Amino acid sequence: MPSPRVPTPAAAPAPAPHPWALAVACLLVLVQAAAALGLGVAWAADLVRGRVELPGATAFLALSAVAVAAILVAGARGLWRGRRWARAPIITWQLLLVVMAIGWFSADPSAWALVLLVAVVFVVVALLLPAVVAATSGRAAADDDAR
């Protein structure tokens, strides 16, 4: 007769804490998303109030800014959850920001352009650190298989 005692499965190992660089990078990306969303809302408000000369272009800019914000939020969430795919759109956006910041800085040197460059460099370097790469590639396959 089998034993009435049912073996309990081994407890799942506790997830490793996120590297501090990943946490700061995600926070900076969320700040960038908030800025993009703010621009989108401002452009939409100007469009609704009739304060624009090119309504089609302004509508496109507003929708694009909201879409970028959504992609950045999804990317930050993906990074935090250990998804490998999230690094590509985040780093691509950072490269676009470098181009814009260098253009702003060369046209009219300002503290904002310098702050943006520092933030972008931090995000890119943080996402390429071995601990962050490990944190954003190890759990992705296991989490996807569980769904």
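Select Leu 47: its relative accessible area is 29%, so it is partly exposed (buried means under 20%, exposed over 50%, and partly exposed in between, with a 1.4 Å probe and protein chains only). Before you click on, note that this is a predicted model, where local features need pLDDT of at least 70, side-chain atom pairs count only at pLDDT 80 or more, and totals for chains, interfaces and linings use all residues. Residues are numbered from 1 along each chain as its sequence is written, and side-chain values use heavy atoms, with hydrogens and water left out.

Leu 47 sits in helix α1 (helices are DSSP runs of H or I with at least four residues, numbered from the N terminus). Now show what Leu 47 touches: Val 52, Pro 55, Thr 58 and Ala 59, leaving aside residues up to four places away in sequence (contact means heavy atoms within 4.5 Å). Try the distance tool on Leu 47 and Ala 59: they are 12 residues apart in sequence, and 7.0 Å apart from C-alpha to C-alpha.

Hop over to Thr 58, in helix α2 (residues 55-80). Is Thr 58 buried or exposed? With 10% relative accessibility, Thr 58 counts as buried. Its contacts, again not counting residues up to four places away in sequence, are Trp 43, Leu 47 and Val 52.

**Stop two: the core**

Next, select Leu 22, Val 29, Leu 72, Leu 79, Ile 90, Val 123 and Leu 127, the residues with the most contacts inside the largest nonpolar core, which has 25 residues (a nonpolar core is a set of buried Ala, Val, Leu, Ile, Met, Phe, Trp, Tyr and Cys residues joined through side-chain atoms within 4.5 Å). Helices α1, α2, α3 (87-107), α4 and α5 (130-135) each give this core at least two residues. The largest share, seven residues, comes from α1. Zoom in on Leu 72 and you'll find it touching Val 29, Gln 32, Ala 33, Ile 90 and Trp 93, not counting residues up to four places away in sequence.

**Last stop: two rings**

Finally, look for the one aromatic pair in the structure. The ring centres of Trp 20 and Phe 122 are 6.1 Å apart and their planes meet at 40°, so the pair is tilted (rings of Phe, Tyr and Trp, its six-membered ring, pair if their centres lie within 6.5 Å; planes under 30 degrees apart count as stacked, over 60 as edge-to-face and the rest as tilted). Trp 20 is in helix α1 (residues 20-49) and Phe 122 in helix α4 (residues 111-128), 102 residues apart.
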